[in-house]
Amino acid sequence: MSSLGTVTRRLPRPSPMSTVVWAGILLFETLLLLTYVSARNAQLGLFHVYPFVWLNLSGWVLWHTSVPSGSDRQKFVAGAIAVGYFALLGYFGGLYDLFPLAGHPEAHAPHLLGLDYTIVMPPGYGPALFYTTHLVQLALSPYLLVGYVTLAYLVYVTVLDASNAAASGILGLFACISCSWPILASLVGGSGATGALATTVYAQAYALSTIAFAVTVALLYWRPFE
């Protein structure tokens with residue numbers, strides 16, 4: 001049983017080196033954000049901070065999570081579950097889509113194919129990479145990609161450590177609240193409050209998804225219900 005499998009876990013005491021490293025990271029991110037909002041003449045808000053919550057939390061938990069030992073069969077099963085989990089998150093979170101040109105006029109299809117990118121999005125949301133074929137469309141935003149890889153890795157470690165990842169892992173499906181809205185809508189379908197609820201969810205999508213991501217990471221890391 002690895003250290004991850006203990007029921008009670010404490011925050012690791014930061015070393016002088018890690019303190020310097022994280023102070024440097026936070027300073028760099030602050031300067032990056034201030035430079036961006038100044039160049040774009042934008043107003044700094046929580047919207048600009050959310051990607052760095054994902055990225056910093058991912059970096060911290062990946063650094064402090066070790067892979068427990070296991071047989072080749074256990075690793076294969078855990079890996080298959082983690083890959084499936086990442087695929088599910090990626091699909092509902094908007095990292096990729098299947099058959100993206102279905103429904104588009106054939107004459108417009110060639111203009112939608114190929115590789116594209118953007119660097120004008122706020123740091124963390126971008127630079128974003130887009131790639132479209134007839135079979136799949138990729139939309140890779142740094143904070144989502146890193147965040148979902150982190151959740152999949154934690155699920156891999158948790159499953160390999162023979163714990164119940166279902167309760168905490170399923171929360172990761174809703175780490176992109178706005179993109180997962182069709183699932184939520186199907187659960188409340190037919191209710192008169194669906195329209196108002198949808199408006200509320202979309203308005204708070206980034207805040208809710210960040211909270212959902214942080215809670216999921218915490219549950220998979222500490223596993224308080226073990």
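## Strands and sheet

Leu 129 stands opposite Leu 140 in β4, where strand β3 (residues 128–132) and strand β4 (residues 136–140) run antiparallel and are joined by four bridges. The model is a predicted one, in which local features need pLDDT of at least 70, side-chain atom pairs count only at pLDDT 80 or more, and totals for chains, interfaces and linings use all residues. Residues are numbered from 1 along each chain as its sequence is written, and side-chain values use heavy atoms, with hydrogens and water left out.

Strands (E, at least two residues) and helices (H or I, at least four) are DSSP runs numbered from the N terminus, and two strands pair if DSSP finds at least two bridges between them. The order β1-β4-β3-β2 describes an open sheet of four strands with antiparallel pairing. Because β1 (96–98) and β2 (114–118) stand at the edges with a single partner strand each, one side of each is left without a neighbour in the sheet.

## Aromatic rings

Rings of Phe, Tyr and Trp (its six-membered ring) pair if their centres lie within 6.5 Å, and planes under 30 degrees apart count as stacked, over 60 as edge-to-face and the rest as tilted. By this rule there are eleven aromatic pairs. Tyr 91 and Phe 92 form an edge-to-face pair, at 5.4 Å centre to centre and with 85 degrees between the planes. Tyr 91 is partly exposed, with a relative accessible area of 37%, and Phe 92 is partly exposed at 24%, where buried means under 20%, exposed over 50% and partly exposed in between (1.4 Å probe, protein chains only).
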